[in-house]
Amino acid sequence: MKQDQKINKNRNKNIFIKNIYYMLAFAYQTLQGRDFIEAGAEDFEHIYDLYAKILERGMVNQVKRGVYKEYQEKKEGMKVIKGRIELADSMQGWGRKEGEIICSFDDFTEDCKFNQIIKAVGYFLMTRQEVKKENRKALKKVLLRFSEVKLISWREIVWDKIRFYRNSASYEMLLYVCRCTIERELLTEQRRERKVKDYWEEQNLPKLFERFVLEYYKIYFPQYKPIAKKITWDIEGNKRYLPDMRTDVKMNFRDRCLIIDTKFYKTEMQKYYERETIHSANLYQIYTYVKNEDKENKKNVAGVLLYAKTVEGKELDEEYQMGGSKIGVVTIDLGKEFCEIEKRLRELVERYLLVG
């Protein structure tokens with residue numbers, strides 16, 4: 001019996017890690033089609049193996065659509081004039097061979113910060129024994145395409161200075177994976193190694209889960225105009241010091257509205273004198289959102305607290321009538337196959353938005 005429990009726990013862990021891949025892909029909308037399906041079907045025993053696979057697939061797709069380039073100023077000795085002549089440097093013989101003059105010019109190159117980061121982290125993952133041999137080999141193959149990109153140390157990366165623009169948006173997910181990889185390595189070096197799941201729950205998964213849910217609905221239910229929207233307080237008086245009410249997901253169908261607030265905790269319940277209850281602050285929050293959105297008191301706004309359930313968590317599917325409004329408290333089990341996660345998300349739309 002204990003052996004069966006161990007097998008099931010390991011299986012759930014593999015599914016959980018695979019679902020990180022799916023959430024990343026939806027949240028950043030960059031991995032699609034065949035590559036998406038194949039990578040999602042694999043088992044990943046270690047988070048570095050997952051990172052390596054996502055990075056390799058993303059790099060392959062990026063090469064297909066075109067590697068990002070940007071203009072950089074260069075100064076070189078040349079025998080043919082290019083760009084601007086640097087008279088002072090030319091007269092002083094700065095880096096000049098016989099018959100050359102020094103020119104400054106803009107070079108449209110792949111050797112830019114985005115590609116340097118991807119290459120640095122790619123090489124880092126290639127050295128990790130936690131990454132399967134076939135995934136290390138695949139990374140090495142695609143990295144050959146980045147031979148013109150300078151190899152920097154991953155310790156030199158300054159994440160806070162990275163900015164994405166329209167022509168570089170496809171790199172957002174890849175650099176997110178790179179950052180997660182390096183942040184986890186830094187935690188390990190500082191002797192604060194923790195379980196993969198604990199690290200993800202505390203540092204990355206709450207924001208990723210929130211973004212995944214919104215993007216999923218945008219892709220599959222665009223007719224209901226899913227959006228993360230700020231709700232205004234339906235009160236009189238000075239609103240200057242009132243906190244913002246920002247929904248994670250808001251959808252509309254005819255005259256009805258659904259507000260979803262995502263949560264990712266170590267446990268979905270709180271304890272009070274050994275009695276398990278739903279987090280009271282969360283209930284107050286979603287109720288406040290619903291009532292302030294329903295300014296005319298039509299009772300046509302529903303709210304859902306959507307908890308990400310981990311392997312050890314409690315399954316919840318509760319529905320309440322609060323002040324005439326429908327409020328749900330629901331979990332999505334991240335230890336199940338992804339088709340079950342999709343089923344749950346679709347059910348929320350049917351139960352709380354399409355049915356009055």
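Helices here are DSSP runs of H or I with at least four residues, and strands are E runs of at least two, numbered from the N terminus. By that count the chain has 11 helices and 12 strands. The model is predicted.

**Stop 1: the whole chain**

**Stop 2: the five-stranded sheet**

Select β6, β7, β10, β12 and β11. They form an open sheet in that order, β6-β7-β10-β12-β11, with mixed pairing. Which strands stand at the edges? They are β6 and β11. Each has a single partner strand, so one side of each is left without a neighbour in the sheet. From one strand to the next, the twist averages 20 degrees.

**Stop 3: strand β12**

Now select residues 325–333. This is β12, and nine of its nine residues are buried, so the strand is largely enclosed by the rest of the structure. Look at both faces. On one side, Ser325, Ile327, Val329, Thr331 and Asp333 are buried. On the other, Lys326, Gly328, Val330 and Ile332 are buried too.

- β10, residues 301–309, pairs with β12 in the parallel sense over seven bridges. Pick Leu306 in the viewer; it stands opposite Val330 of β12.
- β11, residues 317–322, pairs with β12 in the antiparallel sense over six bridges. Tyr320 has Ile327 of β12 as its bridge partner. Glu319 stands opposite Gly328 of β12.

Follow the chain from β11 into β12. The two strands form a hairpin with two residues between them. Select Gly323 in the turn: its phi is positive, about 60 degrees.

**Stop 4: the β6 end of the sheet**

Move to β6, residues 249–253. Four of its five residues are buried, so β6 is largely enclosed by the rest of the structure. Its pairing with β7 is antiparallel, over five bridges. Phe253 stands opposite Arg256 in β7. β6 and β7 also form a hairpin, with two residues between them. Click on Arg254 in the turn; it has a positive phi of about 55 degrees.

**Stop 5: Thr247**

Is Thr247 buried or exposed? It has a relative accessible area of 4%, and the cut-off for buried is under 20%, so Thr247 is buried. Now show its side chain. It reaches the backbone oxygen of Lys229 at 2.8 Å. Leaving out residues up to four places away in sequence, Thr247 touches Ile227, Ala228, Lys229, Ile231, Ile259 and Tyr289.

**Stop 6: helix α11**

Select residues 338–354. This is helix α11, and it lies across β6, β7 (256–263), β10, β11 and β12. Compare its direction with that of β12: the helix runs at about 175 degrees to the strand.

**Stop 7: the nonpolar cores**

In soluble globular proteins, nonpolar side chains tend to be buried together. The largest nonpolar core here has 76 residues. Which residues have the most contacts inside it? They are Phe212, Tyr217 and Leu306.

Centre on Phe212. Not counting residues up to four places away in sequence, Phe212 touches Met23, Phe26, Ala27, Phe338, Ile341 and Leu345.

**Stop 8: the three-stranded sheet**

Finish with β1, β3 and β2. These three strands form an open sheet in the order β1-β3-β2, with antiparallel pairing. β1 (70–78) and β2 (84–85) stand at the edges, each with a single partner strand, so one side of each is left without a neighbour in the sheet. Select β3, residues 101–109. It pairs with β2 in the antiparallel sense over two bridges. To locate one, pick Arg84: its bridge partner in β3 is Ser104.

Key:
Residues are numbered from 1 along each chain as its sequence is written. This is a predicted model: local features need pLDDT of at least 70, side-chain atom pairs count only at pLDDT 80 or more; totals for chains, interfaces and linings use all residues. Side-chain values use heavy atoms; hydrogens and water are left out. Buried means under 20% relative accessible area, exposed over 50%, partly exposed in between (1.4 Å probe, protein chains only). Two strands pair if DSSP finds at least two bridges between them. A polar contact is a pair of N or O atoms within 3.5 Å; within protein, one must be able to donate a hydrogen and the other to accept it, and residues adjacent in sequence count only if both atoms are side-chain atoms. Contact means heavy atoms within 4.5 Å. Axes are lines fitted to C-alpha atoms, for helices over the stretch in contact, and angles run from 0 to 180 degrees between N-to-C directions. A nonpolar core is a set of buried Ala, Val, Leu, Ile, Met, Phe, Trp, Tyr and Cys residues joined through side-chain atoms within 4.5 Å.
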